[in-house]
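Please look at the sequence and the structure before reading on.

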Amino acid sequence: MRTAMKSCVIDMIRNHSNTMCILIDIGAFGFKDLMKSYPERVKNIGIFEDGLVGVSAGLALSGLVPTIYGITPFIVQRSLEQLKLDYIYQNVGGNFITTGAAYDFSKLGYSHYCPEDVETLKTLPGIEILTPGTPKQFETLFKQCYMNGKLSYFRMIDHCNKTQVDIEFGKAKVLKKGTRGTVIAFAEALDATIAACENLDITLLYYTTAELLILKR
């Protein structure tokens, strides 16, 4: 999924002069060529997540479209107040891409755990929470949303689904129809859910936009 993300960000920078990519040390080496080609719009600020949220909101207020790439808990939890005050309350848009969802970075210790990222971010009114389950789904969601003026959170995962599903932003994909109930799967849970429901008479829905379902419950 990181390879797909890198390709999307490169295309964004090349095709839209009002966009910026801001790195928080993580993955900076992979963008070294892009930083050389676009030094004013692709920058590695270093480990400064909470402050950078405020800086990027200022860029958004000036008319730029910032895209920030960092580690999940350091964006979602360490910087939650800045996301609320600087983005939500000022009604500006930007893209936050994180890696290390749930326990993907568990070898790095408790500070890198973040299984509650969606539950935390859904407290912010108006945020778009995008949970792709495959690299192709990341590409689809990013291309549909990164210039829409909203605060968008793209949740990347290390353990992607093997099942490929064509998705569209804001809509569920009906994978199976039944009469005894409805099961909803998100992101990387799809493969396990399909296996668990194989012999059940149920309807199976797959979502990659978490906050939309939450608001409509």
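The questions below ask how several labels follow from their definitions.

This is a predicted model, in which local features need pLDDT of at least 70 and side-chain atom pairs count only at pLDDT 80 or more, while totals for chains, interfaces and linings use all residues. Residues are numbered from 1 along each chain as its sequence is written, and side-chain values use heavy atoms, with hydrogens and water left out.

Q: What makes the pair of tyrosine 103 and tyrosine 113 edge-to-face?
A: Rings of Phe, Tyr and Trp (its six-membered ring) pair if their centres lie within 6.5 Å, and planes under 30 degrees apart count as stacked, over 60 as edge-to-face and the rest as tilted. The structure holds 8 aromatic pairs. In the pair of tyrosine 103 and tyrosine 113, the centres are 5.1 Å apart and the planes stand at 85°, so the pair is edge-to-face. Both tyrosine 103 and tyrosine 113 lie in the loop between β4 (94-99) and α6 (117-121), so the pair ties together parts that are 10 residues apart in sequence.

Q: Why is the pair of phenylalanine 138 and phenylalanine 142 called stacked?
A: The ring centres of phenylalanine 138 and phenylalanine 142 are 5.7 Å apart and their planes meet at 10°, so the pair counts as stacked. Both residues lie in helix α7 (residues 135-145), 4 residues apart, about one turn of the helix; helices (H or I, at least four residues) and strands (E, at least two) are DSSP runs, numbered from the N terminus. Ring pairs also link Phe138, Phe142, Tyr146 and Phe154 into a cluster.

Q: How do you know whether phenylalanine 138 is buried or exposed?
A: Buried means under 20% relative accessible area, exposed over 50%, and partly exposed in between (1.4 Å probe, protein chains only). Phenylalanine 138 has a relative accessible area of 0%, so this residue is buried. Phenylalanine 142 is likewise buried, at 0%. Tyrosine 103, with 48%, is partly exposed, and tyrosine 113, with 27%, is partly exposed too.

Q: What makes lysine 32 count as lying over the face of phenylalanine 29?
A: A charge sits over a ring if NZ of Lys or CZ of Arg is within 6 Å of the ring centre and within 35 degrees of the ring normal. Lysine 32 lies 4.3 Å from the ring centre of phenylalanine 29. The charged end of arginine 78 sits over the ring of phenylalanine 74, 4.2 Å from its centre.
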